[in-house]
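Please keep the sequence and the 3D view open as you read.

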Amino acid sequence: MTSSTALLTDQYELTMLGAALRDGTASRPSVFELFSRRLSGGRRFGVVAGTGRLLTMLRDFRFGEDELRFLSDGGIVDAETLRYLEDYRFTGTIRGYREGELYFPGSPILTVEGSFADAVVLETLALSVLNHDSAVATAASRMSIAAGERPLAEMGSRRAAERSAVAAARAAYIAGFGATSNLEAGRQWGIPTMGTAAHAWTLLHDSEEEAFRSQVASLGIDTTLLVDTYDIARGVETAIRVAGTSLGGVRLDSGDLPTVAAAVRTQLDELGATGTKITVTSDLDEYAIAALAASPVDAYGVGTSVVTGSGYPTASMVYKIVARQDAAGGWVAVAKKSADKGSQGGRKAAFRTLVEGTATAETIVVSDGFEALGTSAEHPDSRALQVVLVDNGNIDAAYEGAAGTASAREHHLRVREELPVRALALSKSDPAIPTVYLDQE
């Protein structure tokens, strides 16, 4: 196996490339766009995530000897296409929404400009990354809003494929989670990591008290003890007797959480452990977190729900050609017209229209070709949404790695403040703001 990402691709992308090389259209300048026709699950906004990962994977989108041999041995492409792929490097330009940005139906999240050959082969890679990461980030943002000032930790690695788990931890962090249990996510993306003990630790020892004493001896009294392996009330009493009233926290992973949390808080206070925090886990999602808003809970740990997009594991994004040059060199807008799967042709510029700092519309300026589109100066009550991610094949490293991840998190938390109040509700509804198309004059 190699580090190449080139075969993270559907075969039809390469068969289209081969046909275009044969008929002479491979070099035709084209514009592709990644967008979502609708928000999954009746959500009121979406969160862009995965951009930094995609840019890093684009660096490794190379067809080396192993990849070319597989394509040749399988008769997947012809000799001319193999020769083209041997030297393939993306040389086009990619503009898009910053990672962590909010998006709505029709938002031009990525705009890929280059030859048809340059852009067509990136479809599956771009969609694989952004559909997954944006679904996780959208769910995570809703959970973060529901949690308010209470911290959230992502702990869903055991409910996802091993590499998806790392990507999910990153997306959740961008969208407001403060830590992850996944060590690879911590190493690769600079996300704070956390974790103490599971029920297996208690069951290993001859008594709950022995397990607690050993954990405190190893990790100190600031640790969090899991108190629901047997009887919760007895577990809390044992925890404070072992660690004292300065115990850092207790964790609850079962039961009717609002009721149990209230009882545990009362018990802790009566024992004098007024500063001991309560963390709850146990199959939480945004609705369960919201239901705990009035409960004496200090922190949440979320697993399955966040890494699976809380029931919507894809953001339903698509990648379509929206403009190209014709045989005479003129630009034409192109669009699919199928029922329920139509798209808006033309190259686009996007702005978030604001009134006193609150978003009121997603304004998209549309053009047939490459003439200058709207600028912030022409839309003084708006914020420009697109940045250059790749300039003539040169990837902007500022959006990659741990620094890019931290920047995306900061950006998300800032722009989330622009949402109107109705966007914060968890019930299914129309998008929080409308998408408005304006033709370039």
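The sections below go through the model's basis, its sheets, its cores, some helices and a few single residues.

## How to read this model

The model is predicted: local features need pLDDT of at least 70, side-chain atom pairs count only at pLDDT 80 or more, and totals for chains, interfaces and linings use all residues. Residues are numbered from 1 along each chain as its sequence is written, and side-chain values use heavy atoms, with hydrogens and water left out.

Helices (H or I, at least four residues) and strands (E, at least two) are DSSP runs, numbered from the N terminus. Two strands are said to pair if DSSP finds at least two bridges between them.

## Strands and sheets

Let's begin with the open sheet. Its 6 strands come in the order β7-β6-β11-β10-β9-β8, and their pairing is parallel. At the edges are β7 (179–180) and β8 (224–226), each of which pairs on one side only. Strand β6 (residues 152–154) pairs with β7 in the parallel sense over 2 bridges, and E154 stands opposite T180 in β7.

Antiparallel pairing can be found elsewhere. Strand β3 (residues 93–97) and strand β17 (residues 386–391) pair in that antiparallel sense over 4 bridges, with Y97 opposite Q386 of β17. Strand β17 is also joined to strand β18 (residues 394–395) by 2 bridges, and these two run antiparallel. There, D391 has N394 in β18 as its bridge partner. The hairpin of β17 and β18 has 2 residues between the strands, and N392 takes a positive phi near 50° in it.

## Two nonpolar cores

A nonpolar core is a set of buried Ala, Val, Leu, Ile, Met, Phe, Trp, Tyr and Cys residues joined through side-chain atoms within 4.5 Å. Buried means under 20% relative accessible area, exposed means over 50%, and partly exposed is in between (1.4 Å probe, protein chains only).

The largest nonpolar core has 54 residues, and those with the most contacts inside it are V227, L252, V264, V280, I289, Y300 and V306. Helix α6 (residues 123–147) gives the most to this core, with 7 residues. Apart from it lies another core, of 52 residues, with F32, Y97, A119 and V129 among them.

What surrounds V280? Leaving aside its neighbours within four places in sequence, V280 is in contact (heavy atoms within 4.5 Å) with L252, L257, L292, V297, A299, Y300 and G301.

## Covered helices

Helix α2 (residues 51–59) is mostly covered, as 7 of its 9 residues are buried. These buried residues are T51, G52, R53, L54, L55, M57 and L58.

In helix α4 (residues 79–86), T81, L82 and L85 are buried. Seen down the axis of α4, the buried residues fall within an arc of 100°, so they line one face of the helix; the arc is that of the directions from the helix axis to the C-beta atoms. What covers them includes α1 (11–23) and α3 (65–73).

Helix α6 holds R142 and T138. Is R142 buried or exposed? R142 is buried, with a relative accessible area of 4%. Not counting residues up to four places away in sequence, R142 touches R43, F45, E286, Y287, A425 and L426. The side chains of R142 and E286 are joined by a polar contact of 2.9 Å. (A polar contact is a pair of N or O atoms within 3.5 Å; within protein, one must be able to donate a hydrogen and the other to accept it, and residues adjacent in sequence count only if both atoms are side-chain atoms.) T138 counts as buried at 5% relative accessibility, and beyond four places in sequence T138 touches R43, F45, G46, V47 and Y103.

Y312 lies in the loop between α14 (304–307) and β12 (317–325) and is partly exposed, with a relative accessible area of 29%. Y312 and S40 are 272 residues apart along the chain, yet their C-alpha atoms are separated by 6.6 Å. Not counting residues up to four places away in sequence, Y312 touches S40, G41, R43, A135 and K428, and a polar contact of 3.3 Å joins the side chains of Y312 and K428.
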